Amino acid sequence: MSEIALTQTPIHIRHGSNIGQPLTRRDGVLKVTGAAKYAADQHPPGMLYAVLATSSIARGRVAHLDVAAAKAHPGVVDVITPANRPALALDPDEKSNPFMFRLDLLQTDRVRYAGQPIAIVIAQTLEAATEGASLLAPRYETEPARVGLDDGESTALQVVGPGFPAQAQRGDVETELAAAKKSITQTYETPAQYHNPMEPHAIVAAWEGDTLSIDTPSQGMAMAQGRLAGLFGIAPEKIHIRSPFLGGGFGGKGMISGPQVLGAIAARAVGRPVKLVLRRDQMYGPVGHRAPTRQTLRLGTDGDGALVGLDHHTKTMSSTFDDFFEPASTPSHTLYASTAIATSHAGVRADIGTPIFMRAPGEAPGSIALESAIDEMAQACGMDPLAFRLKNYAEVEPISGKPFSSKALRECYRQGAERFGWERRPLAPRQMRDRDGLLVGWGVGTATFPAVMFAAQAKAVLRRDGSGVMEIGAHDMGQGAWTALAQIAADGLGLDLDRLEFRSGTSDLPDAGIAGGSGHTATAGMAIYNAGADVIAKLADLATNDDHSPLFGAGNAGVVARGGRLFRRDDESRSESFSDILARAGLAQIEGRGAGGRPNPMEAHGQSDYAMHAHGAVFAEVKVDPELGQIRATRLVGAFAAGRIINPRMVRSQYYGGMIWGVSFALHEQAIVDRHSGRPMNANFAEYHIPVNADVPSLEAILVEEDDPHVNALGIKGVGEIGITGSAGAVANAVWHATGIRVRKFPITLDRLLEPQ
Amino acid sequence: MKTFDYVRPASVREAVSAAAAPGAAYLAAGTNLLDLMKGGVTRPDRLVDITHLPDLDRIENLADGSVRIGALVRNADLAHDRDFARRFPAIAEALLSGASAQLRNAASVGGNLLQRTRCAYFYDPASACNKRNPGSGCDARGGDNRLHAILGWSESCIATHPSDFCVALVALDAVVEIEGRAGRREIPLEAFHRLPGDSPDRESVLEPGEMIVAVRLPAEAARFAAHARYLKVRDRTSYAFAIVSAAAALRIEQGVIAQARIAMGGVALKPWRAREAEQILLGGRADTALFVRAATAALAEAKPSGDNGFKIVLARRVVARALALAAAGTPERMPALPGSPFAAASGVLAHV
Amino acid sequence: MAFSTTLTINGVKRTIALDDPRVTLLDLLRERLNLTGAKKGCDRGQCGACTIIVDGRRINSCLALAISHDGADVLTIEGLAQGDRLHPVQEAFIAHDGLQCGFCTPGQIMSAFGLIQEGQAGDDPERVREAMSGNLCRCGAYRGITEAVLEAHKTLDALNRKEVA
């Protein structure tokens, strides 16, 4: 059972149907009072502090660590290095599936990227552990680092992302491009980016015999449990994970990371609870990132501006020891109709930590390049960028030819353009100025993200006192799972929210799958919905077969649950409360179970009769100082269609957040890696820029209605990642429209806009 | 962080004596020092905490019309001091364009003068840096140096000074009051920071143990109040260090520039006063052509220290714009985005 | 060596024996006093998650040595609500969904509280955005945060007027 109690009554309780209501966050009070406990807030009795020492070189080996100096520091209890690290049951470099990543757990003295953990110092205080780690003063045998897309070793790719084919095509793109009336070829570059959730990865681990209890942020507790079980050689049930609140994840907490496992190793070594929290600079190495890309797009149109050929090639990077290649060409499969389409990926391997899923993997960098290229193609055709997009509207999924399960993109374009005032946009760039003389530009981008589902289970209970319980080990990283899933649960059980106990956030509850791929609400929601249906069916069985019940003879399908009562569908004057049904049956409670998701999580990418994607249109205004080049994204309007919306308040927040990530992608964030050492040189929040409040003065999100009968019974597609796609391109296109300068290397910084004057 | 002796002196004299020991450092707010200590960039053996010393947190208007700002006055308190901001609007604007509200609430005036460069190679103990570790070399030279110096740099160091406050102070001839074992001395702020030369580790003229006790602005500095601005170009709308900044202050009599002050930030290891440019402006009419000519002179000696040639172009434009903004007049109210190109030019001017 | 430091925290005066001069206010609160509301996002004054009110002003507690703040008055997120009654800033953050993951939220709220006390932004959204820019939010809840600060300012302003009248 979850220990997480929502200590105070949620401010907003809806009686009646809960789905679709803009309830405030159930965990809101906990979060605004500081009472929400994140992993690093835990402090079990007897706890010690562990601090990692990480490598400052990108390639070579650790020749010496001054363990004696570290141990001599007052308060230091132990130092773990490859020389004394306790044995594990599994080689951390073994890999049996694409969702299993190789970890650096002090297995050798080899260094394969900057920031790799090379030792753990454990002490009685944080101050002592921190200084102890510094006193290790490593000496290295350094080998030349391979840095960047041009320095790494080339590698042919069969798959990208979590297993998509690296190449795809429809039609003969070369022939079509050769015959095109107009064509463009352009190359775009996107930088390495780091997830940088505000909460650094943290773990508080405690062993009792061979039972491991941990507090750690996780977007996938069951997978983490499995990984830890394999490494420590114990049964998954022996591992108890609590992750009620994540301080942001964005994909970076999807797989358990090396440092989190090292915290558990440290706790076992010293036989006491241990807290290990990464420093911000340590977030730029062992916990994943988004790899840089170089994308070349070739587009061709006929005389009317209809695309005949679209070729999208991506060169991207992974580590020297593991595979995750950003699937950046994939948005070209979905977005625009073209007679022929080809996508491909090539890889290089460099001395860098392994990249991993980061909010809209593939779609984010791929979309900014594609949306820029589409604008350049529209310009070549002399067409308005929105008109060009509508001209090339995909009525079926271009790469597969399958119908869309639903697609309200046209309506997104319409509502977004109207709200934004797009019709007043001059075609030529550098035409608009505000009253202070700043250049003003407007751009549009199309948003898209697949409707992915994983697999989940849930357990539902109805009690004789009329209350209900829903149990699911779901993950709330800020998207609002505590709230939205509880809304689904309350409706599934036919209860008002204040009669529902919603248990979530720990690994002993039914597996909710991974909170990723924007699929958590759909996946966990379906499990909850089915668990609710299961328990209601059992309850209906009791009532409709009992001749003392007013529902006798109605049959299972003849009743509906609402407000803690079952009603006859054909005669709502006949009903009975859950309590009465259970009381008469002599039952204290009744249980049901449900599963959700698709057997193959990649189904959205190929194995269904329908192509399933959420869509949107984002319109952006930027202002640029004509001489100084400084840029500000002054206004964004996004219109998104993502199937059924469970909680519009949370969903708007997801869209705003995604749109800000889009601004960040276009204008702000990038990791600066020293070309000689391979070390990230801006591994901090002062120089790795993410937008501040003043960077995004105006955001609007329009929720476009969309009914999807195919995607799942609830009609949910997912909203977590789509906001970043479209937005990044819209901002980039707006910068061009403001200045007449097309920047193809992201982020767009002011030095690229300093035209000679 | 290395552990240290913590000393809390009762008087400036005691402080100076305690801080004269090798390895000692003064602790004021600590907003920069603790950052550096956590990063292993500096590892002092002793911290001399001056925050409890009396009388250093006052803004005094002296009889001769000058203003004396105690070393422990908080940046925010100075910027929001109505009288001070009215008389020295460019300084207030510079202060408010820097860091965040939280940092400005803590950071002291003396500490601002002594803040260290943001050069990533200085901050990274694994990199060669002549400033941090004399004689080790300069990895910034062949590294990422988009934001590095274009004026006054040397082969040993191409870092810049990060302060906004100091830029406006230097433009207005601020003087630093220093207490040392030999007593009190004062020095123009313009001469306080050293250019790197062969010894970038020596950042200021302070001798061991010497302590900044106050910064003084001469009476004359207030005469620019009607035409004084600070402009700061950044990679983010707020909470970012300057790529290039400039303070410009003019005294305009019957449409003619009677006196001009220009200083630049983000271009060198010290706030860079552009005296030749000031000379060009004297006696001229305030117009764009003249400002561009002055700006060109201000950057005459500039040369890239790496992939940062754009900063020369940018600095020229920043200076010309700052002059134009100053000529247009100080706004009546501090702009919502102080120092920003997005601080609307339109608005009511101050009636000073 | 132990250093005795006296702090008034959320209205309660406490004398603390510090065994280490390196302890920051943030680590003192979080690791030694079990006041874990203030968060450590960067530990270098670059994110604002650790914002607390010290002697009436919002500061980054990660860059403040505890020992140097002997005698200070400290207000943390734990001391903002009056029992079960949320402070208007807290209420406004919930109403405007000025939070997602919640990790930066205590810092945002204390910063908003400090800002309203400072009185520098008033009801001008642009000034609020600038004044709240020292608090990073990676989830991107800025719109709700700005709306929440403006509403709380209005509420508190009305309360103050009532008190004056």
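This is a predicted model: local features need pLDDT of at least 70, side-chain atom pairs count only at pLDDT 80 or more; totals for chains, interfaces and linings use all residues.
Local features need pLDDT of at least 70 and side-chain atom pairs count only at pLDDT 80 or more, whereas totals for chains, interfaces and linings use all residues; side-chain values use heavy atoms, with hydrogens and water left out. Residues are numbered from 1 along each chain as its sequence is written, and chains are lettered from A and ligands numbered from 1 in the order in which they are written.

Chain A contains 14 helices and 30 strands, where helices (H or I, at least four residues) and strands (E, at least two) are DSSP runs numbered from the N terminus. The radius of gyration of chain A is 27 Å, in agreement with the value near 27 Å for a compact globule of 757 residues; this radius is taken over C-alpha atoms, and the globule rule is 2.2 Å times the number of residues to the power 0.38. Along the principal axes, the C-alpha atoms of chain A fill a box of roughly 85 × 70 × 50 Å. Of its 757 residues, 67% count as buried, that is, under 20% relative accessible area, with exposed meaning over 50% and partly exposed in between (1.4 Å probe, protein chains only). Among contacts in chain A between residues at least 6 apart in sequence, 79% join residues at least 24 apart; contact here means heavy atoms within 4.5 Å.

Chain B has 12 helices and 12 strands. Its radius of gyration, 20 Å, agrees with the value near 20 Å for a compact globule of 352 residues. The C-alpha atoms of chain B occupy a box of roughly 60 × 50 × 35 Å along the principal axes, and 64% of the 352 residues are buried. Of the contacts in chain B between residues at least 6 apart in sequence, 64% join residues at least 24 apart.

Chain C has five helices and five strands, arranged along the sequence in the pattern β-β-α-β-β-β-α-α-α-α. The radius of gyration of chain C is 16 Å, close to the 15 Å that the globule rule gives for 165 residues, so chain C is as compact as a globular protein of that length. Its C-alpha atoms fill a box of roughly 50 × 40 × 30 Å, taken along the principal axes. Buried residues make up 67% of the 165 residues in chain C, and 56% of its contacts between residues at least 6 apart in sequence join residues at least 24 apart.

Helix α10 (residues 481-493) of chain A has 13 residues and reaches 17 Å from its first C-alpha to its last, close to the 18 Å expected at 1.5 Å a residue; the expected span is 1.5 Å times one less than the number of residues. This helix is mostly covered, with 12 of its 13 residues buried, including A:Trp482, A:Leu485 and A:Gln487. A:Gly494, which follows α10(A), has a positive phi near 65 degrees.

Elsewhere in chain A, helix α11 (residues 520-544) and helix α12 (residues 578-585) pack at an angle of about 65 degrees, with their axes 10 Å apart. Axes are lines fitted to C-alpha atoms, for helices over the stretch in contact, and angles run from 0 to 180 degrees between N-to-C directions. At this contact, A:Ile536, A:Leu539, A:Leu542 and A:Ala543 of α11(A) meet A:Phe578, A:Ile581, A:Leu582 and A:Ala585 of α12(A). The residues of the contact divide into eight nonpolar, no polar and no charged; Ala, Val, Leu, Ile, Met, Phe, Trp, Tyr, Cys and Pro count as nonpolar, Asp, Glu, Lys and Arg as charged, and the others, Gly among them, as polar.

In chain C, helix α3 (residues 105-118) has 14 residues and reaches 19 Å between its end C-alpha atoms, close to the expected 20 Å. Because 12 of its 14 residues are buried, α3(C) is largely enclosed by the rest of the structure. C:Ala112 lies in this helix and is buried, with a relative accessible area of 0%. Not counting residues up to four places away in sequence, C:Ala112 touches C:Val89, C:Phe93, C:Met132 and C:Val149. Just after α3(C), C:Gly119 takes a positive phi of about 70 degrees.

Helix α5 (residues 142-164) of chain C has 23 residues, which should span 33 Å, and its end C-alpha atoms are 32 Å apart, in agreement. Among its buried residues are C:Tyr142, C:Val149 and C:Leu156. The cover over the buried residues of α5(C) includes α13 (648-667) of chain A together with α2 (88-95), α3 and α4 (125-131) of chain C.
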